[in-house]
Amino acid sequence: MAQSWPRRVAAPPYPALTIAKWLIAWAEAQEEELSNLKLQKLLYYAQGYHLCERGAPLFSDQIQAWSHGPVVPQVYHQFKSSGNSSIELPPDDPFTWDEVDPVTADFLSRVWNTYGGYSAGRLRNMTHEERPWREHWREDERGTQIPVEEIQEYFTSRC
């Protein structure tokens, strides 16, 4: 008889795409709209508050300062075909809820409950007022990384 091993539950840091898919699935379950712009801002806030609360990154991908605020480039490019419309996971996407551990899922639901009710435009404007984006946005440069240490420092002063 073959040994049945318990399934290893993933833990942070995750790929940002895993966190993005969790947020998209959550929005779908809540019957809420989630554009790529709004998703990007939710990823930024999730990373910031995770750094504050847990002292470690939620996801391993970098965040960059783009004209509309903080962006995780890999996630942006994955869903850019949605334009300004709500992102939906395709039926054949292999994402399942158990790709994110329960503690992180609870954390993400709190991020959603705090920021999910804001429009993409409002979230964009909020991030434009915050030091991590302001200090790294350069109109004449593309792809300027916002260092995770600076995101952590900023959010630690807020929570």
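## Charged pairs and a charged patch

Five salt bridges are found in this predicted model, a salt bridge being a side-chain nitrogen of Lys or Arg within 4 Å of a carboxyl oxygen of Asp or Glu. As the model is predicted, local features need pLDDT of at least 70 and side-chain atom pairs count only at pLDDT 80 or more, while totals for chains, interfaces and linings use all residues. Residues are numbered from 1 along each chain as its sequence is written, and side-chain values use heavy atoms, with hydrogens and water left out.

Let's look at three of these pairs, including their N to O distances.

| Glu53 | Arg110 | 3.0 Å |

Begin with Glu53 and Arg110, whose side chains meet in a salt bridge. This pair links distant parts of the chain, with Glu53 in helix 2 (residues 36-54) and Arg110 in helix 4 (residues 102-115), 57 residues apart. Helices here are DSSP runs of H or I with at least four residues, numbered from the N terminus.

Asp106 and Arg110 both lie in helix 4, four residues apart, or about one turn of the helix.

Partly exposed lies between buried (under 20% relative accessible area) and exposed (over 50%), using a 1.4 Å probe and protein chains only.

Glu153 lies in helix 7 (residues 148-156) and Arg131 in helix 6 (residues 131-134), so the pair ties together parts that are 22 residues apart in sequence. Arg131 is partly exposed, with a relative accessible area of 26%.

Finally, Glu28, Glu31, Glu32, Glu33 and Glu88 gather in a patch of negative charge on the surface. Such a patch is made of residues with over 30% relative accessible area and no salt bridge, like charges being joined within 9 Å; the place of a Glu charge is taken as CD. Glu32 is found in the loop between helix 1 (16-29) and helix 2, and counts as partly exposed at 41% relative accessibility.

Notes. Helix = DSSP H or I, 4+ residues; strand = E, 2+ residues; numbered from the N terminus. Patch = residues over 30% accessible without salt bridge, like charges linked within 9 Å, V, L, I, M, F, W, Y side chains within 5 Å. Areas by Shrake-Rupley, 256 points an atom, 1.4 Å probe, with all protein chains shown as cover. Lys, Arg positive; Asp, Glu negative; His and termini not counted.
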